[in-house]
Amino acid sequence: MLMRECGTVRPVMSDSGSSFKLVDVPGGLPLFGHAGIFKKDPLRTMAEWWRRYGDALCFRLGPKTLHLFSHPDLAEEILVRQADRFVKVYDPRRPVGLALVLGNGLVTSSGEVWKRHRRIIQPIFHRARLTAMADRMVQIGEQRIAGWPNQTERPIDIAAEMMALTLEVISHTMFTTSVAHHLDHIGRALRVSLRYAFDSFHNPLHPPTWLPTRRNREFHQVTAFLDGLIYDLIAERRRSGARHDDLLDRLLDARDEETGAGLTDRELRDEALTIFAAGHETTANALAWTWYLLATHPDVKARFHEELDHVLGDKRPTADDLPNLPYTRALFDESLRLFPPAPAIQRKAATETTVGGLTLPAGSVVLIGTYNLHRHPAFWPDPDRLLPERWLKGDRSFSRCAYIPFGAGPRACVGTHFALLEGPLLLALIGQRYDLRLAQERVEPQLMVTLRPKDGILMTRHPRRRLATSAA
Ligand code: HEM
């Protein structure tokens, strides 16, 4: 097997002393590189390459060279220590990938725009405010469960259910509105647009967005629908003048310190859509994977139910209960380890930069392989096994970047605490009431920006407790 170092990369010793050898993945075709195999199953391909070629490798998608780094030291260099040199890959003047959908919002923007908008948005996620949102999360969960079909033996797609539930949670908590009557449309619009965004970045044969192909037309249709939804929301808030002290109020109130100007409609749209999308997709997938893991690990499920019965009994869960539900939280942490909703984090070197002894030229695109990091045998005993107990020892002092479901450094997830409140609360609420069992043979992970179950997860519900609901 031919293993050679990528032409433009010179291995040298880094300041920290750890040094990596970059391996060029063999087998790339002249024009397309590795696009064919990568496109078929990006998650599995990246995991297999990592196992075969190591923690630092590079491959080509058409004219683009991508570096896949799967070691905590490299992740820390890029996301934390040299965060100012590794920027997001998006250029607002030539949007590709997620920027085609989200525009120049918090996930995709860089520089001064990002700094200013992060300052506006961050305070919404302060712990005190979040605790106040916890009751709302539980109420919405109760409402959603109350709408599930009575025949509990009829399978439901738990992945789609979690998507609908977390979408309602984000709409109520951030925008004080319900999107219940649009759920199917929004779900489809986000699915179509994320698939399109992913393809536009990774497929060298992706046609330009202006060509009138079927997929382009479909993409323009769904983005027009999402735009309409968000612009209506903004217009309605402006028209009513109602105050809710929520994210939308903060965005509308924001003023530039120097000029006094507010955010433009386009900026408002980009930030609102970003929080809509980033704030529910990831948590929904994390919950769906957790139900799947529980259904396939009866011993873990028994311990989870035992904790809920012992701590909560028939009482509805609140934020105050969470410290007393350590196993539920450990289960969620472990699920985020095995199935990180963001399985790869992208950056671009703004200037020539050295990491882990490798000098990367300006413009190099880097993928931090979170999925690989989370299963790295040098950092995780029994890495592929579901073992919530590993989180119960109170020792989280493993190498900082060996576990980064929420990213790391200045661009780490703004919604981390929100998700760590919502996830365990909804697990407790549903786990109290139902034993969810798998009703399909195979469940396959699919990387489509986030890590989702490819064809959903059909499950039957087996009632555990009949609790009085207090749905609002
Ligand atoms: C389990 C749930 C979640 C996971 C696994 C997750 C994961 C991540 C990751 C890995 C990043 C960093 C991406 C990068 O460095 O390029 C990120 C950023 C972000 N997340 Fe989350 N997220 C979750 C929930 C949420 C929620 C609930 C919200 C909002 C309510 C949210 C909003 C955002 C935003 C706005 C950013 C961009 C932050 C910035 O660059 O300043 N996320 N998320």
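Ala, Val, Leu, Ile, Met, Phe, Trp, Tyr, Cys and Pro are counted here as nonpolar, Asp, Glu, Lys and Arg as charged, and the others, Gly among them, as polar. By these classes, the shell around the ligand holds 16 nonpolar, six polar and two charged residues. The structure is a predicted model, in which local features need pLDDT of at least 70 and side-chain atom pairs count only at pLDDT 80 or more, while totals for chains, interfaces and linings use all residues. Residues are numbered from 1 along each chain as its sequence is written.

Of the 24 residues around the ligand, those that come nearest are Gly279, Thr282, Gly407, Cys413 and Gly415; a residue is near a molecule or strand if its C-beta atom, placed from the backbone, lies within 6 Å of it. At least two residues of this shell are supplied by each of H11, helix H12 (281-295) and helix H16 (416-433). Helices (H or I, at least four residues) and strands (E, at least two) are DSSP runs, numbered from the N terminus.

Two packed helices are described by the angle between their axes and the distance between the axes. Axes are lines fitted to C-alpha atoms, for helices over the stretch in contact, and angles run from 0 to 180 degrees between N-to-C directions. For helix H9 (residues 214-240) and helix H11 (residues 265-278), the axes come within 10 Å and cross at roughly 110 degrees. H9 is therefore roughly perpendicular to H11, given that angles under 35 degrees count as roughly parallel, over 145 as roughly antiparallel, 65 to 115 as roughly perpendicular and the rest as oblique. On the H9 side the contact is made by Leu226, Asp227, Ile230, Tyr231, Leu233 and Ile234, and on the H11 side by Asp265, Leu268, Arg269, Ala272 and Leu273; two residues are in contact if their C-beta atoms, placed from the backbone, lie within 7 Å. Eight of these contact residues are nonpolar, none polar and three charged.

H16 also packs against another helix: its axis and that of helix H6 (residues 127-146) come within 9 Å and cross at roughly 35 degrees. The contact involves residues including Leu130, Met137 and Ile145 of H6 and Phe418, Leu425 and Ile430 of H16. By class, the residues of the contact of H6 with H16 are 11 nonpolar, two polar and three charged.

Individual residues complete the picture. Most residues other than glycine have a negative phi, and most peptide bonds are trans. Asp382, though not a glycine, has a positive phi of about 50 degrees, and Val449 likewise has a positive phi, near 70 degrees. Asp382 sits in the loop between helix H15 (370-373) and H16, and counts as exposed because it has 9 C-beta neighbours inside 10 Å. Val449, in the loop between strand S12 (445-448) and strand S13 (450-453), is buried, with 22 other C-beta atoms within 10 Å. A residue is buried if 20 or more other C-beta atoms, placed from the backbone, lie within 10 Å of its own, exposed if 12 or fewer, and partly exposed in between.

Val300, in helix H13 (residues 298-311), is buried, with 20 such atoms within 10 Å. Not counting residues up to four places away in sequence, Val300 touches Leu294, Leu331, Leu386 and Pro388. The C-alpha atoms of Val300 and Leu386 are separated by 8.5 Å, although the two residues are 86 residues apart along the chain.
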